[in-house]
Amino acid sequence: MNVISKIEREQMRLDMPSFKAGDTVKVHLRIIEGEKERIQVFQGAVLRYRNGTTDSTFTVRKISDGIGVERVFAVHSPYIERVEVVTEGKVRRSRIYYLRDLKGKAARIKSKNAW
């Protein structure tokens with residue numbers, strides 16, 4: 001067995017919930033500052049979910065003080081404590097890229113339950 005594939009398999013996360021672009025998620029991150037450790041929550045809409053083996057990533061966008069903030073997370077990162085799906089969104093891919101230019105209430109995604 002290849003040593004690299006063995007290490008990759010050991011670091012894979014199997015506890016991630018299933019979500020897709022358009023869903024609203026809460027990402028609980030472990031932040032280490034010196035000797036202290038805390039959990040910071042980043043909540044926003046998933047713009048993209050790129051699936052791979054160990055290089056899977058997802059992009060989350062939130063509105064902070066009227067400005068859109070995007071962050072890319074590695075799925076198998078040891079700094080992610082957990083991911084919670086808040087709402088499931090119903091949106092087409094073209095709508096997601098259109099949202100990047102919007103601010104405030106115009107940038108919201110309708111939930112699946114509203115349809």
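The legends below accompany several close-up views of a predicted model.

**View 1. Overall arrangement of the chain.** The chain holds two helices and five strands, where helices (H or I, at least four residues) and strands (E, at least two) are DSSP runs numbered from the N terminus. Along the sequence these elements follow the pattern α-β-β-β-β-β-α. Of the 115 residues of the chain, 29% count as buried, a term that means under 20% relative accessible area, with exposed meaning over 50% and partly exposed in between (1.4 Å probe, protein chains only).

**View 2. The aromatic cluster.** Ring pairs link Phe19, Phe42, Tyr49, Phe58 and Phe73 into a cluster; rings of Phe, Tyr and Trp (its six-membered ring) pair if their centres lie within 6.5 Å, and planes under 30 degrees apart count as stacked, over 60 as edge-to-face and the rest as tilted. By this rule the count comes to five aromatic pairs. One of them, formed by Tyr49 and Phe58, is stacked, with 6.4 Å centre to centre and 20° between the planes. Tyr49 counts as partly exposed because its relative accessibility is 34%, whereas Phe58, at 0%, counts as buried.

**View 3. Glu70 and Val46.** Glu70 lies in strand 4, which spans residues 67-74, and is partly exposed, with a relative accessible area of 38%. The C-alpha atom of Glu70 is separated by 9.4 Å from that of Val46, a residue 24 positions away along the chain.

**Notes to the views.** Residues are numbered from 1 along each chain as its sequence is written, and side-chain values use heavy atoms, with hydrogens and water left out. In this predicted model local features need pLDDT of at least 70 and side-chain atom pairs count only at pLDDT 80 or more, while totals for chains, interfaces and linings use all residues.
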